[in-house]
Amino acid sequence: MHEDFVVREAYARQLLDRYSQWLDRIEEVDRSEIEAVERELAGMLSEEDSTLHGNVMKQIGELHEKITEMLWISEHMKILHDLSHIFAKTFDEGEILWKAFELVSRVMRADAFFIAFFDEGDSEIRVPISIDSGINYGPLIVPYGQGMISRVVDTRQTIHIRTMRDEPSEAEMIRWGSPEIDTNTCIFVPLMLGNQVKGVISAQSYREFAYKKEHEELLKIIGFQVASAMETARLYERVYQMSFKDELTDLSNYRAFHNDLEKLMKKEDSSVVLIMLDSDNLKAVNDHYGHHSGDELIRRIAEALKSSTDKGDTVYRYAGDEFMLLSPGAKMEEAEEKVRAIREYLRTRPLVQDDCSIPVAVSVGIARFPDDADTADSLKRAADEALYRSKRKGKNCTTVYASN
């Protein structure tokens, strides 16, 4: 009798020690461990003790679930914080998409992952990132109207396939990546921005039943952040590009000129001709015919420059009625020929105002790197000096800096 008591007491201490270990690592407790202990004690306890023990096991199980959920939510919130922090610092679309994948992978299995974009009215869906086993198989283009992506776009509803047995019988599960193994669990979530569907975000796993409802919600929030970040990046890109464009002529502007010239001059063994051109009669046209006609004169000069360029040349409206033409690798004779073509274009296409023909005259200065200057600023000064000499000569003429 005494020996039975000792054995039971030792077993009780063993159980208490096991329960203590569970509580120390409650988030790691496997539900099967709890069920195994319950089965082990089923025939050893009285009915009353069995009920009490069952309640303890139930509470441990519930505590495990709550702690696991809290940890998941905590990581979830950290992911969203990290994502918003990253998106606030970059306008690079590729970096936005890859970071979204990395952060999603921290809170859910993402053996395969893609983000697809669709603009209403398009016939194609763009898939810039499509990852399978860490390899990006994107960018891809798929036709709109078929497959799971189109269904999600059309219905604006999340599709959650928990096992391959749930997969539609028709050939809708378009996958890209490893041909050796298909994913079993898939979540397809619409990328919503306001009331607009911008595309689809999808996480997929080789395991069955890999995701919960919470994963759907996580992807919805991340999808919204991705869509917002991409819209911001595209807006930034449009604004950035506009900052290099002249609105009146649609030519590149002075900011683009300095940027491009610096890049050209940094190339090894490079040479570039700079043609600086200035209108001779803008003030007179503005005074006699109004600024609308002055704008037309500026546009006419821009047309003449664009019509006289070769592949590789770039034309800029630098300021007011002053224009620049950069011609990489051109010889001085070729530059002078371009100027003659510009003058011929303007000669045969004068402005017409109130039945009057208004000739468009220009003065030109030409300089060449590295012959006439060794920096961007000194090249511009050389061309400017040549232009000034053209003005001093009586306007409507061309001066080459090297011949001074």
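Student: How many residues does H7 have, and how far does H7 reach from its first C-alpha to its last?
Tutor: Helix H7 (residues 254–266) has 13 residues and reaches 19 Å, close to the 18 Å expected at 1.5 Å a residue. The expected span is 1.5 Å times one less than the number of residues. Helices (H or I, at least four residues) and strands (E, at least two) are DSSP runs, numbered from the N terminus. This is a predicted model, where local features need pLDDT of at least 70, side-chain atom pairs count only at pLDDT 80 or more, and totals for chains, interfaces and linings use all residues. Residues are numbered from 1 along each chain as its sequence is written, and side-chain values use heavy atoms, with hydrogens and water left out.

Student: Which residues of H7 are buried?
Tutor: Ala256, Phe257, Leu261, Leu264 and Met265. Buried means under 20% relative accessible area, exposed over 50%, and partly exposed in between (1.4 Å probe, protein chains only).

Student: Where do they sit around the axis of H7?
Tutor: Seen down the axis, the buried residues of H7 fall within an arc of 150°, so they line one face of the helix. The arc is taken over the directions from the helix axis to the C-beta atoms. Lys263 and Lys266 are exposed on the face turned away from that buried side.

Student: What do the buried residues of H7 pack against?
Tutor: Strands E8, E9 (314–319), E10 (322–328) and E13 (362–369), plus helix H11 (376–392). Contact here means heavy atoms within 4.5 Å.

Student: Switching to H8. Which of its residues are buried?
Tutor: Leu282, Val285 and Asn286. Down the axis of H8 they fall within an arc of 100°, so they too line one face of the helix. Lys283, Asp287 and His288 are exposed on the other side of H8.

Student: And what covers the buried residues of H8?
Tutor: The cover includes strand E8 (272–279), H9 and strand E12 (356–358).

Student: At what angle do H8 and H9 pack?
Tutor: H8 (residues 282–289) and H9 (residues 291–307) pack at about 145°, with their axes 7 Å apart. Axes are lines fitted to C-alpha atoms, for helices over the stretch in contact, and angles run from 0 to 180 degrees between N-to-C directions.

Student: Which residues meet there?
Tutor: From H8, Leu282, Val285, Asn286 and Tyr289; from H9, His291, Ser293, Gly294, Leu297 and Ile298.

Student: What sits just after H8?
Tutor: Gly290, with a positive phi of about 100°.
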